[in-house]
Amino acid sequence: MVNNLYVVTPRGFCAGVEMAIKALTWMLKIYDEPVYCYHEIVHNDWIVQRFKDKNVIFIEDPKDLPKDSIVMLSAHGTAPTVEMEFKNTSMTSVNSVCPLVTKVHHEARRFSEDGKKIIYVGHKNHDEAIGALGVAPDNMILVESVEDIDQTNLHNDKVALLAQTTLAMSEWEPILNKAKSEYQNIELPRKSDLCYATTNRQKALINISNKVDKVLVVGSSTSSNTNALVTTINNLGKEAHRIETLDDLDNISLDNVDVAITAGASAPDHIVKEISEYLNPNNLEFFIDTTEEEYFPLPKELRSNITSLSKLLKNMFPTNSKEAVNGISKDKSWSATEALSSL
Ligand code: SF4
């Protein structure tokens with residue numbers, strides 16, 4: 001039996017994931033099915049399956065979108081040319097990119113227009129990296145490691161450095177230092193590209209790590225920030241395990257040890273609860289490192305459609321449409337968990 005179990009805060013859904021899940025839920029309520037989604041809406045198998053069950057079709061190529069259909073672009077960000085393809089084919093296209101990914105796209109555009117070569121630190125083939133590299137494909141180079149910086153050979157250029165939002169700090173910092181020593185005048189964004197949710201979840205784990213023997217991280221293998229949490233603990237010389245379901249606990253020895261449990265930014269909290277209950281520790285504590293207040297409004301295309309629809313309902317059914325009219329204004333207090341339950 002687990003001795004002490006610490007449930008770490010912050011964990012699980014970030015503001016970008018909250019917004020994307022609610023956006024796709026709204027789309028299912030407003031538009032005819034099927035609704036298409038470019039890439040997994042967020043990198044979590046349970047959530048993707050929940051939407052598949054409700055007739056959302058996930059596609060990886062704009063060519064797979066039937067003409068005049070309804071499509072949402074995922075939270076990870078989409079290359080401008082690909083977004084244009086979706087706009088041209090679809091009847092309605094809603095871009096639910098996280099505003100913090102949009103910030104990196106803006107920086108890539110600005111540095112590129114300024115004649116700089118951009119070193120982008122990220123994971124090859126990750127949806128976010130693919131989208132960001134598509135902003136200025138001729139001027140961006142992907143690097144994944146300190147060693148990759150040696151291959152860049154940009155000493156005759158002006159150079160800037162950007163990053164995928166979900167890297168582990170312990171992965172990013174050595175690459176940042178190497179890039180700064182290689183290119184003395186390298187330009188960086190004013191504010192780090194690693195997002196608040198990524199860094200807050202990692203810092204909380206670092207701060208609890210001295211109290212525990214092992215760490216459990218709930219999340220899917222495709223989730224970069226989940227993997228970053230595992231890397232963060234492994235780099236401290238401790239054991240960390242990524243788990244998605246109770247079945248994944250079978251091969252982990254947890255007898256008489258102290259454990260911390262957290263979740264990546266796209267992992268639903270009911271799985272953390274299920275696992276905590278199953279572990280039935282001698283002592284359960286909530287470790288609150290910091291609390292988060294961030295809120296990202298729904299994509300503007302959707303806000304405008306919901307507002308129009310609400311007005312229409314109000315005019316047609318003045319006495320029966322209170323909830324529909326209030327829907328958009330109450331979005332901040334409506335959680336993604338509630339949205340998923342409403343499906
Ligand atoms: S992890 Fe960060 S960048 Fe990614 S969706 Fe969440 S808030 Fe946005």
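**Reading the model, feature by feature**

Guide: Start with N280. N280 counts as exposed because it has 10 C-beta neighbours inside 10 Å. Keep in mind that this is a predicted model.

Visitor: Where does N280 lie?

Guide: N280 lies in the loop between α10 and β12. Its place is just after α10.

Visitor: Which other residue has a positive phi although it is not a glycine?

Guide: H39 is one, with a phi of about 70 degrees. H39 sits in the loop between β2 and α2. H39 counts as buried because it has 21 C-beta neighbours inside 10 Å.

Visitor: Now the helices. How do I read the faces of a helix?

Guide: Begin with the general idea. An α-helix has 3.6 residues a turn, so residues three or four places apart point the same way. Now take α10, which covers residues 269-279.

Visitor: Which residues of α10 are buried?

Guide: I271, V272 and I275 are buried. Seen down the axis of α10, the buried residues fall within an arc of 100 degrees, so they line one face of the helix. On the other side of α10, K273 and E277 are exposed.

Visitor: What do the buried residues of α10 pack against?

Guide: They pack against β1 (4-9), α2 (45-53), β9 (214-218), β10 (239-243) and β11 (259-263).

Visitor: Why is K273 called exposed?

Guide: Count neighbours. K273 has 12 other C-beta atoms within 10 Å, so it is exposed. Look also at I261. K273 and I261 are 12 residues apart in sequence. Their C-alpha atoms are 9.9 Å apart in space.

Visitor: Why does K116 count as buried?

Guide: The cut-off for buried is 20 or more other C-beta atoms within 10 Å. K116 has 21 C-beta neighbours inside 10 Å, so it counts as buried. K116 belongs to the loop between α4 and β6 (117-121).

Visitor: What does K116 touch, not counting residues up to four places away in sequence?

Guide: K116 touches F111, K158, V159, A160 and E187. K116 and N225 are 109 residues apart along the chain, and 28 Å separates their C-alpha atoms.

Visitor: Which residues of α8 are buried, and what covers them?

Guide: The buried residues are A197, T198, N200, R201, Q202, A204, L205 and I208. Their cover includes β1, α7 (169-182), β9, α9 (224-234), β11 and β12 (283-288).

Visitor: How many residues surround the ligand?

Guide: The shell around the ligand has 15 residues. The closest are C14, G16, C98, T165 and C195. Helices α1 (15-30), α4 (99-113) and α8 each supply at least two residues of this shell. The most comes from α1, which gives 3 residues.

Visitor: Which classes of residue make up the shell around the ligand?

Guide: The shell has 10 nonpolar and 5 polar residues. It has no charged residues.

Visitor: Which residues touch the most other members of the largest nonpolar core?

Guide: L24 and I41 do, in a core of 96 residues. The largest share of this core, 10 residues, comes from α1. Look at L24 and leave aside its neighbours within four places in sequence. Then L24 is in contact with C37, I41, F51, V56 and M72.

Visitor: One last feature. Where are peptide bonds cis?

Guide: Check omega. The bond from T9 to P10 is cis, with omega near 5 degrees. P10 is in the loop between β1 and α1. The bond from E33 to P34 is also cis, with omega near 0 degrees. P34 is in the loop between α1 and β2 (35-38).

Technical notes. Residues numbered from 1 in each chain as written. Predicted model: local features only at pLDDT ≥ 70, side-chain atom pairs only at ≥ 80, totals over all residues. Helix = DSSP H or I, 4+ residues; strand = E, 2+ residues; numbered from the N terminus. Arc of directions from axis to C-beta. Contact = placed C-beta atoms within 7 Å. Near = placed C-beta within 6 Å. Nonpolar A, V, L, I, M, F, W, Y, C, P; charged D, E, K, R; others polar. Core = buried A, V, L, I, M, F, W, Y, C linked by C-beta atoms within 7 Å.
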